[in-house]
Amino acid sequence: MSDHIALMRQAVDLAHENRLRGGRPFGAVLARNGEIVATGVNEIIQTHDPSTHAEMQAIRAGTRKMGTPSLAGCTVYASGHPCPMCLAALVMTGAERVFFAFDNDDATPYNLSSAGAYQRLRLNLDPPPLPIERVDTGITAAQLYGDAAWPA
């Protein structure tokens, strides 16, 4: 298994664990040189703070740990395609690239898509503001967002 797939799978596993605890099914891993710096899960339900997306939580933890507001040389692995807020934060902090497991089309049937926010803000991701790429983990959107069985 490649490092990218392993790190992405960890983000998806974090999202799944968060969902089982009653949170929203989003997780993120912040890595530098293939080593995990920080992780985060979506805590909107727990905190009532709309800025506590998984990527934002990983950014907060990672920048505190590294002692710098810069994410230069860092890669983010997000279970879902980053929303405009998270993507802007990643660009502003200088993150090197983003990988994600599920896009907005995958999230739409579960009312978890951020496509509407991109549309309301009139943001176009062509070309994207930093390298962003989908990684297949072998987990389906129905397994993470819906009621399909989670693989053993």
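This is a predicted model: local features need pLDDT of at least 70, side-chain atom pairs count only at pLDDT 80 or more; totals for chains, interfaces and linings use all residues.
Residues are numbered from 1 along each chain as its sequence is written, and side-chain values use heavy atoms, with hydrogens and water left out.

**Stop 1: Ala78**

Select Ala78, which lies in strand β3 (residues 74–80); helices (H or I, at least four residues) and strands (E, at least two) are DSSP runs, numbered from the N terminus. Ala78 has a relative accessible area of 0% and is therefore buried, a word that here stands for under 20% relative accessible area, while exposed stands for over 50% and partly exposed for what is in between (1.4 Å probe, protein chains only). Show next the residues in contact with Ala78 beyond its neighbours within four places in sequence, among them Met8, Gly27, Glu55 and Phe99, where contact means heavy atoms within 4.5 Å. Gly27 is 51 residues away from Ala78 along the chain, yet their C-alpha atoms are separated by 6.0 Å.

**Stop 2: the largest pocket**

Now select Phe26, His53, Cys83, Leu112 and Ser114, which lie nearest the centre of the largest pocket among the 26 residues that line it. On a 1 Å grid over the protein atoms alone, a pocket is an open set of points where a 1.4 Å probe fits, with protein on both sides within 12 Å along at least five of seven lines, and lining residues have an atom within 4 Å of a point. β3 gives the largest share of this lining, three residues, and the lining as a whole divides into 14 nonpolar, nine polar and three charged residues.

**Stop 3: helix α4**

Colour α4 (84–93) and look for its buried residues, which are Pro84, Cys86, Leu87, Ala89, Leu90 and Thr93. The elements that cover them include α3, β3, β4 (97–102), α6 (115–120) and β5 (132–134). Just after α4, stop at Gly94, whose phi is positive, at about 85°.

**Stop 4: the loops**

Go on to Asn33, in the loop between β1 (27–32) and β2 (35–41), which has a positive phi of about 55° although it is not a glycine. Asn33 counts as exposed because its relative accessibility is 73%. Finish at Pro127, in the loop between α6 and β5, where a cis peptide bond with omega of about 5° joins Asp126 and Pro127.

How values were computed
Ala, Val, Leu, Ile, Met, Phe, Trp, Tyr, Cys and Pro count as nonpolar, Asp, Glu, Lys and Arg as charged, and the others, Gly among them, as polar.
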